[in-house]
Amino acid sequence: MRFRDILLRHEVLIFLVLVLLAVTVGTINPVFFSIFNIFSLLKNSTVIGLFAIGFFLVLVTGGLDVSFAAVGVTAMYCTVKLAVAFFPGAPFIVLCAVSAVIGVFLGLINGLLVTKLRAPSLIVTLGTLSLFRGFLLFFVGTDVVRLVPQSINDFARTNVITATAANGAHIGLHASVVIFVAVTAGVFLFLRYTTLGRSFYAVGGNPIAARRMGMNVAAIEVFAYCAAGALAGIAGLLSAAILRLANPQTLVGSELDVIAAVVLGGAAITGGRGSVIGVFLGTLLIVLTNNSLIILGIPSSWQKVAIGAMLIAAIGLPLLARRRSLAGPSSPSEDLAVVTSS
Amino acid sequence: MQVSDPREGRASLAPALLRTVEMDKAYAGAKALSGVTIEVQAGEVLALAGENGSGKSTLIKIIAGVESPDAGSLFIDGVDWTRRSPVERIEAGVQIIYQDFALFPNLSAAENIWLPYQMHRRRRLVSRGDGRPVAKRAFDEIGGAFDLDLPVSQLSVSQKQLVAIARALVHDARLLIMDEPTTALTHREVQHLFAIIRRLAGQGISFVFVSHKLQEVAEICERVIVLRNGRKTLDRPMAGLREAEIAHAMTGRDIGMERYPRSPRLPDAAPRLAVRQLSHAREYRNVSFTLGAGEVLGLAGLLGSGRTAVVKGIFGLPPPDSGEIEVDGRPLVLRSVADALAADIAYVPEDRLTEGLFLNFSISDNIVVRTLDRLMSPAGWITASRKRNEAKRWIERLAIKTQSPDLPVSSLSGGNQQRVVLARWIAAHPRVLILNRPTVGVDVGSKSGIHDIIMELAAEGVGVIVVSDDLPELMRVCDRILVMRNGAVVAERRVEASSETEIMRIVSESAS
């Protein structure tokens with residue numbers, strides 16, 4: 001029974017799916033298992049993964065923040081524009097910080113709107129998605145910046161591990177992967193070991209109970225939106241750094257992959273349930289699916305089909321399993337008590 | 001027990017654990033509490049009774065510090081605590097166990113107990129190593145016996161209640177206010193809860209037991225305080241107090257539980273409903289009975305006796321595997337609920353919140369939802385005024401207490417919600433009305449009102465089936481009672497020719 005419980009944990013299941021998919025693809029096309037492919041897989045995961053962790057943080061508290069891509073692109077483009085105009089020599093870490101701060105600011109707007117208006121977060125952030133992006137394109141600019149600050153170019157070439165492939169080419173693990181892994185670890189520790197992190201789950205599980213326990217629910221929610229904004233800001237900047245150009249038209253529209261990664265990772269869309277490890281594995285699964293279909297030479301439109309099918313399976317199968325376990329004789333809702341007036 | 005009354009200036013030896021003095025509270029001009037003075041001594045088990053809207057909840061909220069009173073003061077250990085925050089009151093040992101328990105369904109039982117505790121101690125990092133033993137100790141103290149690592153969402157109602165009590169205990173609770181703690185518990189679970197309360201009271205922890213179940217109040221409480229319309233109408237030791245006196249204090253009138261006078265019905269009247277040899281795999285077998293026009297038929301039996309399955313079967317939820325059903329002499333082919341509805345059979349479920357009502361919809365929408373085709377104009381429109389008039393008619397007839405039919409149903413008290421469900425089905429003019437535990441969770445006054453409605457409908461010729469655990473209720477409203485056991489009807493008694501003791505005996509024989 002114990003073993004079955006562990007086996008049925010969502011993280012374990014998704015890990016097994018991940019391994020199965022990798023083995024299948026690797027058997028068909030051995031290129032898949034090359035160091036080059038694995039490194040590029042990880043590099044491709046960083047932006048989606050950071051967005052996904054941010055989305056997950058809000059989701060845990062019971063909110064839905066779909067504006068992350070708009071926040072990311074706004075923070076990234078504003079940061080690059082600022083840097084090009086005023087501080088072309090700023091180091092990458094400073095650019096990262098600036099982008100994160102802009103993200104926090106936009107997240108603060110989200111959080112305050114959601115908590116003050118007491119409006120559904122999905123609708124509010126759909127609104128701010130459009131608002132941030134429209135503001136960006138109208139007031140900041142629409143042109144692609146190709147002459148990015150030197151520190152971004154340097155970062156784009158920074159590898160932490162270098163390996164030599166069979167054909168003699170140098171292959172590196174990109175530095176952005178380190179940021180992704182570090183953020184994953186940090187958020188994992190935060191959600192598991194800090195009182196504030198546990199209160200995220202508490203608020204997502206039962207906000208009324210959280211209020212009665214004396215938690216400041218609104219402040220916790222605003223904090224989650226700000227944290228999601230910061231991660232979106234960093235993700236946005238990394239996306240520009242990887243491509244070495246700042247394009248205000250990117251990212252928005254790619255939300256599906258991120259939300260799919262979070263849901264595949266086992267987070268409940270109603271909030272309160274899920275883990276960062278699940279999100280991490282979900283991200284890998286999404287990127288792996290996209291990547292392996294390319295390797296197998298399947299047309300890219302099938303990527304959408306595959307992700308959609310996995311998403312429905314991930315949500316549907318647990319529901320079916322639960323319904324089956326509930327079926328059987330009528331549920332024991334009747335009361336045993338027999339009242340007498342004697 | 002020490003009795004002290006501040007108006008008489010007679011002080012007790014030690015200050016009371018909790019005392020409210022001349023509490024006033026009004027909402028939008030409507031008085032919710034006026035001049036309420038209560039006292040709770042250490043180790044005392046006190047009942048706070050009253051109908052819905054009597055001011056019980058307001059008083060609890062003021063004690064919890066969630067609401068502040070317009071006038072009056074609150075003392076804990078003789079110290080004025082009126083202006084203190086809810087968190088400070090928790091720290092002073094005052095804990096409310098709400099009806100919904102206010103637990104976190106996504107967290108484990110253990111974490112539900114230790115997390116709030118560690119938060120109140122202003123820890124930044126949680127320690128599971130510290131928390132788990134704390135949770136375990138509190139849990140053992142109340143005799144909990146299930147895996148604390150299970151998420152609360154997988155626990156039964158009584159297990160959730162134990163978690164809530166354990167959570168209060170780790171905060172060094174000295175006063176536990178329990179809001180309707182027995183509503184969703186079985187008889188045995190109630191006894192377990194009472195055992196816990198007695199043990200903790202023996203250790204000096206006080207309880208305020210908010211309830212309108214008079215028998216339970218009589219069993220567990222030492223003293224009763226009754227509120228009615230925001231005023232205290234009774235404050236006496238339980239010993240020597242009769243149930244009727246409490247009921248009178250709650251309602252302001254005498255509530256009779258005597259049988260309704262029934263006119264003897266003609267034996268040859270054609271039955272409204274006749275069922276023959278109804279069977280359903282595992283649930284019930286060979287159930288046959290008839291229900292006359294204007295007859296009220298009771299269905300008694302223990303959990304799993306099949307009584308709910310049978311009545312749901314007649315409504316098509318799911319239909320029986322075999323057997324015949326006739327309504328007014330016409331055979332009914334029952335494949336789904338739609339067939340039952342077409343034959344004018346109505347079923348009012350026991351769980352009105354999940355099965356019966358659209359909680360966020362207005363009262364009027366909830367009432368007219370079954371009668372839309374009748375309200376439609378020839379062109380297929382439903383005008384707001386028609387809808388409103390229809391709803392108003394039923395609100396008046398069933399005396400639903402609301403300021404406007406446009407308010408959501410969730411704004412109503414339990415008893416009034418149950419009336420809305422009844423109104424909906426009665427508005428559709430059923431021939432057969434099936435009521436599953438119609439008065440669960442409603443107070444004594446509303447209960448009596450619902451019984452009146454059942455009698456009125458029967459007088460109009462509707463055939464009524466009442467499923468209930470409450471034998472006095474069945475004895476009061478029914479003409480005949482069928483007792484079910486293990487999926488079969490084992491006895492049929494005419495109420496005027498039987499006694500409650502006899503039926504009780506038949507019902508509980510299956511338990512042995």
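**Figure 1. Overall view of chain B in the predicted model.** Chain B contains 18 helices and 20 strands, and, like everything shown in these views, it belongs to a predicted model. Taken along the principal axes, the C-alpha atoms of chain B fill a box of roughly 75 × 50 × 50 Å. A compact globule with 512 residues would have a radius of gyration near 24 Å, and the 25 Å of chain B therefore agrees with that expectation.

**Figure 2. The two domains of chain B and their contact.** Chain B is divided into domain 1, made up of 6–93 + 174–251, and domain 2, which covers 271–509. Between the C-alpha centres of domain 1 and domain 2 of chain B the distance is 35 Å. Where the two meet, domain 1 of chain B contributes 8 residues to the contact and domain 2 of chain B contributes 7 residues. On the side of domain 1 of chain B that touches domain 2 of chain B, the residues fall by class into 2 nonpolar, 5 polar and 1 charged.

**Figure 3. The open sheet of 6 strands in chain B.** The strands of this open sheet follow the order β16-β17-β18-β13-β19-β20 in chain B, and their pairing is mixed. Strands β16 (345–348) and β20 (488–494) of chain B stand at the edges, where each has a single partner strand, so one side of each is left without a neighbour in the sheet. From one strand to the next, the twist averages 20°.

Figure 4. Strand β13 (residues 296–300) of chain B pairs with strand β19 (residues 480–485) of chain B in the parallel sense, over 4 bridges. Within this pair of strands, G298(B) stands opposite I481(B) of β19(B). Helix α16 (residues 444–459) of chain B packs on the sheet, where it touches β13, β17 (432–436) and β18 (463–467) of chain B, and the direction of α16 makes about 150° with that of β18(B). Helix α18 (residues 500–509) of chain B also packs on the sheet, touching β13, β19 and β20 of chain B, and its direction makes about 20° with that of β19(B).

**Figure 5. Helix α5 of chain A and the residue just after it.** Helix α5 of chain A runs over residues 92–117, and at 1.5 Å a residue its 26 residues should span 38 Å; the end C-alpha atoms are 37 Å apart, which agrees. Just after α5(A), R118(A) takes a positive phi of about 50°.

Terms used. Residues are numbered from 1 along each chain as its sequence is written. Chains are lettered from A and ligands numbered from 1 in the order in which they are written. This is a predicted model: local features need pLDDT of at least 70, side-chain atom pairs count only at pLDDT 80 or more; totals for chains, interfaces and linings use all residues. Two strands pair if DSSP finds at least two bridges between them. Helices (H or I, at least four residues) and strands (E, at least two) are DSSP runs, numbered from the N terminus. Axes are lines fitted to C-alpha atoms, for helices over the stretch in contact, and angles run from 0 to 180 degrees between N-to-C directions. The expected span of a helix is 1.5 Å times one less than its number of residues. Domain bounds come from an automatic or database domain assignment. Ala, Val, Leu, Ile, Met, Phe, Trp, Tyr, Cys and Pro count as nonpolar, Asp, Glu, Lys and Arg as charged, and the others, Gly among them, as polar. The radius of gyration is taken over C-alpha atoms; the globule rule is 2.2 Å times the number of residues to the power 0.38.
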